Amino acid sequence: MSATIKEINIKGINIPVIFEEQKNLPILNLQLVFKNSGYVQDKELIGLSNLSSRILNEGTKELGVTDFSEILDENAITINSSNGYETFVIEVSSLKEKSKIAVKLLEDLLKSPNITQNSLDKIKTLQIGNLKRKENDFDYIAQKELNALLFRGTPLENSSSGTLESISKIELKDIKNFINNHIVLNNLIIVAGGDFSISELETLIKPVLNSLNVGEASQSSKVEFNSKKEEQTLKRDTEQAYIYFGSSFNVDSKDEDNYKAKVASFILGGSGFGSRLMEEIRVKRGLAYSAYGTISINKSYSYFSGYLQTKNESADETKKLVKSLIEEFVENGVTQEELDAAKNFLMGSEPLRTETLAQRLNRAFMLFLRDLNQDHPKFELEKIQSLKLEDLNEYIKSHKEINNLTFSIVRR
């Protein structure tokens, strides 16, 4: 079982469809994914895409949120909107027997969303309350401040949730403009699966697609940034020091050597117990309950980041240790034992990554979004299996930019 890539032509636009038929699951799983339509498009109105997705969870203008939600519950249907950095997603799930009702409700929602002043006031109040509660969430604060430092001058420096000031400024016309400009056919990718053939799916969802405007394709560019060796410490009344760190990692999502980054990331800090950071910081020195560090490679940006908590009195020692561990990692690389362990885990855990329909569809979508072939994971595993120690260490040594660590610390 695997997903296939098809196209549906609507109003002269070829809409990509990532689809997997699975007869033993009598369900519909449908996602309308609008590319380049996440909080990358917020501009000065930070939090706009987030509020726009939330207002689509308020039902239709005719029914309102309560009656709309009751119909969903009565039919065991879920319709939910959310946003990421690059994407805006509307997801529908139902039993196959309820799929026509589910899709009709989605069509009604897209034609007449509950974009009213009452709905906007409600979600703004909830969002402001959420932001105020996060003022005492020190993990959130440390991460937010790290992003502000690391991605300074780019859309990634801002939180998708917005700020108290930015949320208060967003008006009804801003929500309407965002949805009208970005929830359009020219941005759409369909991700779907369940007990349907592709022709059955096309017949089912065509009315929904015809309710969307053609629009203009939203644009997004690669986020270019270079990290610096800098640090920001916020003083708070906390028993623990929250240490978040990150740096540039200069690769493209289509680089042929990205499988080496996957292995390096696993060994350095992505594998939990057994990783270099966890072993040195927790197991050998007892300075933290956990310590993580991972390399993230996305279509528009890539970077290295990590975090840990430690006692306030251990913060300086732990920060210096993180720096020295990463410097040593870049300089000397990994051991054959570490490489063998990483290979065994990555190869052995591969079947677990594609157990469910949702996992397979998500993988297929991410590969499509990054312009990679659908068989890319297979060839990546083959490369990992044959990876030599000297080649991996040469790759690690070539990425000295991760030594330019930026720290965001919240401590007493």
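A: Helices (H or I, at least four residues) and strands (E, at least two) are DSSP runs, numbered from the N terminus. Keep in mind that this is a predicted model, where local features need pLDDT of at least 70, side-chain atom pairs count only at pLDDT 80 or more, and totals for chains, interfaces and linings use all residues. Residues are numbered from 1 along each chain as its sequence is written, and side-chain values use heavy atoms, with hydrogens and water left out.

Q: At what angle do the axes of H12 and H14 cross?

A: Roughly 155 degrees, for helix H12 (residues 336-348) and helix H14 (residues 376-385), with the axes coming within 10 Å. Angles under 35 degrees count as roughly parallel, over 145 as roughly antiparallel, 65 to 115 as roughly perpendicular and the rest as oblique. H12 and H14 are therefore roughly antiparallel.

Q: Is the crossing of H12 and H14 left-handed or right-handed?

A: We call a crossing left-handed if the near helix is turned anticlockwise from the far one by less than a right angle, and right-handed if clockwise. H12 passes H14 in a left-handed crossing. On the H12 side, Lys343, Leu346 and Met347 make the contact (heavy atoms within 4.5 Å), and on the H14 side Leu381, Ile384 and Gln385 do. By class, that contact has four nonpolar, one polar and one charged residues. Here Ala, Val, Leu, Ile, Met, Phe, Trp, Tyr, Cys and Pro count as nonpolar, Asp, Glu, Lys and Arg as charged, and the others, Gly among them, as polar.

Q: Does Lys343 count as buried or exposed?

A: Buried means under 20% relative accessible area, exposed over 50%, partly exposed in between (1.4 Å probe, protein chains only). Lys343 has 12% relative accessibility, so it counts as buried. Not counting residues up to four places away in sequence, Lys343 touches Ile384, Gln385, Ser386 and Leu387.

Q: Which residues of H7 are buried?

A: First the general idea: an α-helix has 3.6 residues a turn, so residues three or four places apart point the same way. In helix H7 (residues 172-182), the buried ones are Leu172, Asp174, Ile175, Phe178, Ile179 and His182. Down the axis of H7, they fall within an arc of 165 degrees, so they line one face of the helix. That arc is taken from the directions from the helix axis to the C-beta atoms. The buried residues of H7 pack against strand S3 (27-35), helix H1 (48-55), strand S5 (87-95), helix H4 (117-133) and helix H6 (164-169).

Q: Where are Asn36 and Lys43?

A: Asn36 lies in the loop between S3 and H1, and Lys43 lies in the loop between S3 and H1 too. Phi of Asn36 is near 55 degrees, a positive value in a residue other than glycine. For Lys43, phi is also near 55 degrees. Lys43 counts as exposed, at 53% relative accessibility.

Q: And where is His399?

A: His399 sits in the loop between helix H15 (389-397) and strand S11 (406-411). With 8% relative accessibility, His399 counts as buried. Apart from its neighbours within four places in sequence, His399 is in contact with Phe249, Asn250, Val251 and Val330.

Notes: Axes fitted to C-alpha atoms, helices over the stretch in contact; angles between N-to-C directions.
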